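Here are my notes on this one, point by point. Have the model open while you read.

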Amino acid sequence: MATDNVLGEFIKARRGHVTPEPENRSTGGRRRVPGLRRDELARLAGISEPYLTRLEQGVDRHPSPQVLRALTRALELDEDTAAHLYALAAPDPVRPSRREVDPAVHQLLDTWAGNPAYVRDRHFDVLAANKRARALAAMYEPGRNLVREVFLGPEARRLFPDWAEIAARTAAALRAEADPHDPETARLVAELSADEDFRRLWARHDVRPARDELKRFAHPEVGDLALRRQALTVGGAEHQVIIVYQATPGSPSEAALARLL
C-alpha cells in the first residue's frame with residue numbers, strides 16, 4: 001500500500017467518490033469507473049486533461065494554489081480533506097516525533113485518577129497512560145499502537161460494539177495526522193495492509209482528524225460504558241496528544257468506570 005505518489009493516488013481515489021451531474025458527464029461510451037472520469041474532473045476544475053494525468057501519475061507533484069482550489073471545488077472536498085490535499089501538494093519536511101513525555105504530563109495523567117487518560121503521538125503509538133486507562137483496555141498500555149490494535153489486535157472487535165465505525169474513524173484519523181512521506185508511517189501502513197478491512201478503508205482516502213466524541217466499550221469485567229473522549233494537544237511537544245475519557249455524571253457508565261481497577 002505504500003507509495004511515493006501520494007498526491008496522485010489521493011486525486012484518483014477522491015474523484016471516484018464524486019457522482020457527476022448529468023450535464024457534466026462525458027458523452028458516449030460505457031462508464032468503466034465509479035465517480036468522475038479523468039476528463040470530467042479536468043473540465044470541472046478548469047485544467048487540461050494531460051496536466052491532470054501528470055498529477056495523477058506523479059509526474060507533477062506541486063500544483064499551484066489556484067489548481068488546488070479548483071480541485072477542492074471539483075472534488076467536493078470538505079475542510080479536513082481539502083487541508084490534506086494541500087499538505088500532500090506542499091508537504092513540510094518530515095520531522096522526527098518526540099517520544100519522551102514530559103514528567104509534568106505524567107503527573108497530570110496521574111492526577112486524573114478517576115478518568116482514563118493517555119498520551120499518543122501522530123503514529124498513534126501510546127507513549128504514556130494512567131492506571132485507569134490501562135485497566136480500561138490493554139491497547140492503552142505504553143508501547144502499543146492504537147491503529148494496529150484496532151485492526152490486527154485480538155481485543156478491539158470485542159471491546160468496541162461499534163467496531164466498524166471505530167475502524168473507519170481510525171483509518172481516516174491516521175491519514176489526517178500521519179505524514180505519508182514518513183518512513184515509519186509507510187512501514188505501519190504496509191503492515192496494516194495485511195488486514196482486508198484496513199485495505200478497504202485506506203483505499204477510500206477519507207480524512208478526519210480525531211475529535212471529541214462518544215465511544216462505547218463492552219468491558220469484560222465492568223460491562224458497558226459510554227465515554228466522552230477529549231483530545232488535548234501537549235504544548236512544546238509537537239504531535240503529542242492527550243486523550244481523556246469522561247463519563248456523564250450520575251450515569252451507569254460513571255459507576256462502571258469507578259469499578260475499574
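**Notes on the fold**

1. His205 counts as buried because its relative accessibility is 8% (buried is under 20% relative accessible area, exposed over 50%, partly exposed in between, with a 1.4 Å probe and protein chains only). You'll find His205 in the loop between helix 12 and strand 3 (213-219). Leaving out neighbours within four places in sequence, His205 is in contact with Glu9, Phe10, Ala13, Arg14 and Arg175; contact here means heavy atoms within 4.5 Å.

2. A word on the ground rules. This is a predicted model, where local features need pLDDT of at least 70 and side-chain atom pairs count only at pLDDT 80 or more, while totals for chains, interfaces and linings use all residues. Residues are numbered from 1 along each chain as its sequence is written, and side-chain values use heavy atoms, with hydrogens and water left out. Helices (H or I, at least four residues) and strands (E, at least two) are DSSP runs, numbered from the N terminus.

3. Arg175 turns up again in the packing of helix 10 on helix 12. Helix 10 and helix 12 (residues 196-203) pack at about 55 degrees, with their axes 9 Å apart; axes are lines fitted to C-alpha atoms, for helices over the stretch in contact, and angles run from 0 to 180 degrees between N-to-C directions. Helix 10 and helix 12 are therefore oblique to each other (under 35 degrees is roughly parallel, over 145 roughly antiparallel, 65 to 115 roughly perpendicular, the rest oblique). Helix 10 contributes Trp163, Ala167, Ala168, Ala171, Leu174 and Arg175 to the contact, and helix 12 contributes Asp197, Phe198, Leu201 and Trp202.

4. Which residues have the most contacts inside the largest nonpolar core? They are Tyr140, Phe151, Phe160, Leu174 and Phe217, in a core of 40 residues. Helix 10 (residues 163-177) gives the most to this core, with six residues. Apart from it lies another core, of 25 residues, including Ala45, Ile47, Tyr51 and Leu55. A nonpolar core is a set of buried Ala, Val, Leu, Ile, Met, Phe, Trp, Tyr and Cys residues joined through side-chain atoms within 4.5 Å.

5. Not counting residues up to four places away in sequence, Phe217 touches Leu136, Tyr140, Leu159, Phe160, Pro161, Gly223, Asp224, Leu225, Leu227 and Tyr245.

6. Five strands form an open sheet in the order 2-1-5-4-3, with antiparallel pairing; two strands pair if DSSP finds at least two bridges between them. Strand 2 (126-129) and strand 3 are the edge strands, each pairing on one side only. From one strand to the next, the twist averages 30 degrees. Strand 3 is joined to strand 4 by seven bridges, and His219 has Gly223 as its bridge partner in strand 4.

7. How well covered is strand 5, and what does it pair with? Five of the six residues in strand 5 (residues 241-246) are buried. Strand 1 (residues 117-120) pairs with strand 5 over four bridges, with Val244 as the partner of Ala117. Strand 4 (residues 223-233) is joined to strand 5 by six bridges, and here Arg229 is partnered by Tyr245.
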